[in-house]
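Hi,

Here is the structure I promised to pass on. Have a look at it first, and my notes follow below.

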Amino acid sequence: MASFYTNFIFPLILLLTIFPYNSCAIESSELLINDLFESAKQPEFFNWLKSLRRKIHEYPELAFQEYKTSELIRKELDLLGIEYVWPVAKTGLVGTVGSGQEPWFGLRADMDALPMQEMVDSEYKSKNDGKMHACGHDAHVTMLLGAARLLQNRKDKLKGTVKLVFQPAEEGYAGASYMIEEGALDGVKAIFGMHVWPFIPTGIIGSKPGPIMAGAGRFTAIMHGKGGHAAIPHKAKDPILAVSMTVLALQQLVSRETDPLESRVLSVAFVDGGEAGNVIPESVKFGGTFRFLTSESYSYLKQRIKEIIETQASVHQCTATVDFGEDLMRPYPPTLNDPTLYEHAKRVGAVLLGEENVTHDDITMGAEDFSFYSQKMSAAFFTIGAQNKTAAATGGVKGLHSPYFTLDEDVLPIGAALHAAVAMSYFGSLGQT
């Protein structure tokens, strides 16, 4: 009889006790998510988002130079009554919404633009010559400001504290690492971020658990030879020939030294040497990038790149200097999605947009400095569809980092609501564990 009670009756009572509670919790969470989305879709709210995004787009600023962008963000946070710490990492800032009590949950947006001339004609085209928001960071900032407003309007319902992380210098300069070093995320338990993606329709998001983006390093080398007339090459030490053979040898790091089941990339992206067609130059400068999914791969590739360049230099009676530029441009680690936080954000996305609109992304060998956060705390990073409808209809969709890049502004309320919903619902589930 005791065995029957232990094995059947007690579990049944426990199940009946828990099930109504979970059902209510799920229903409450869904109501919250839908309420946030409905608020974000209101015409006044949407027009405010578009206005913000266009102001930011008109005045793009490069890494660690985001002064005007930071000023706009601070002005909006002041109007919303949200406190913030500034400056962090030179131009960054961190706002705080909620009780100030733990747990603390982070939402992140990057602020910087790219050094390129915008070729898209619009009423809000870049007014800063040679600078453009060609990676959608203007939309990222706007969506996080939208989330800030949604959260501030519900601050009494927050069961924790949301940290609004406006970060500088994602494009190559590892701004996230400086935010961490300056203590901006001390005490933050988990963080969520998004990136607009022009190749999927608006209303679709995607990600995966575990590794989602590669780590990245870069290298620059100078091959020093002996210049001379091209008609008498035997009296010169030809650095162009040495670099040509080096480029070929470097390709073997992936094709012959890497397990076919492991992902690595090495690309020589520029070669600069010589000006005349009949003169062998004294030196040639070249460089590129390498990508990896583990710290072991990073160390191996870095060591072998240096060895191959220096060895090929010696074979061709030249010398070489190799610089990995880590003092100025830190290497990025791989971006890793915490499986539990990924599932949480996926569930929120399914309620917000429908299960069919939450996709499973493949790993990309692109890199993102959100990776530094994923090394320090639970993190989840998603792509969010922002395909320009006009461009899609004409087959002219342009990718990130294109001077012709455009996006669909309908993504703005979706991103704002998703940010806010992931944070608010976190406190009712993962934040309490």
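Which residue forms a salt bridge with Lys-302? The partner is Glu-326, and the closest N and O atoms are 3.0 Å apart. (A salt bridge here is a side-chain nitrogen of Lys or Arg within 4 Å of a carboxyl oxygen of Asp or Glu.) This pair links distant parts of the chain, 24 residues apart: Glu-326 sits in the loop between β13 (319–323) and β14 (335–337), and Lys-302 in helix α7 (residues 295–315). Helices (H or I, at least four residues) and strands (E, at least two) are DSSP runs, numbered from the N terminus. Both ends are partly exposed, Glu-326 with a relative accessible area of 27% and Lys-302 at 26%. For the cut-offs, buried means under 20% relative accessible area, exposed over 50%, and partly exposed in between (1.4 Å probe, protein chains only).

Before going on, a word on where this comes from. It is a predicted model, so local features need pLDDT of at least 70 and side-chain atom pairs count only at pLDDT 80 or more, while totals for chains, interfaces and linings use all residues. Residues are numbered from 1 along each chain as its sequence is written, and side-chain values use heavy atoms, with hydrogens and water left out.

More on the charges. The structure holds 20 salt bridges. One of them joins Arg-154 and Asp-35 at 3.0 Å, N to O. Here 119 residues separate the partners: Arg-154 is in the loop between α4 (137–152) and β4 (161–167), Asp-35 in helix α1 (residues 2–40). Arg-154 counts as buried at 10% relative accessibility, whereas Asp-35 is partly exposed at 34%.

Another salt bridge runs between Asp-138 and Arg-53, also listed at 3.0 Å, N to O. It ties helix α4 (Asp-138) to helix α2 (residues 43–58, Arg-53) across 85 residues. Asp-138 is buried at 0%, and Arg-53 is buried with a relative accessible area of 3%. Salt bridges that share partners join Arg-53, Arg-54, Glu-123, Asp-138 and Glu-409 into one network.

Next, helix packing. α2 and helix α11 (residues 411–427) pack at about 105°, with axes 9 Å apart. (Axes are lines fitted to C-alpha atoms, for helices over the stretch in contact, and angles run from 0 to 180 degrees between N-to-C directions.) That makes α2 and α11 roughly perpendicular, the class for 65 to 115 degrees. The contact (heavy atoms within 4.5 Å) is made by Phe-45, Phe-46, Leu-49, Lys-50 and Arg-53 of α2 with Leu-412, Pro-413 and Ala-416 of α11.

Finally, the sheet. Four strands form an open sheet in the order β10-β12-β8-β13, with antiparallel pairing; two strands pair if DSSP finds at least two bridges between them. β10 (265–272) and β13 stand at the edges with a single partner strand each, so one side of each has no neighbour in the sheet. The twist averages 20° from one strand to the next. Within the sheet, β8 (residues 215–224) and β12 (residues 283–292) pair over 10 bridges, and His-224 has Ser-283 in β12 as its bridge partner. Helix α6 (residues 239–255) packs on the sheet, touching β8, β10 and β12, with its direction at about 165° to that of β10. α7 lies across β8, β10, β12 and β13, running at about 160° to β12.

Cheers

Note on methods
Angles under 35 degrees count as roughly parallel, over 145 as roughly antiparallel, 65 to 115 as roughly perpendicular and the rest as oblique.
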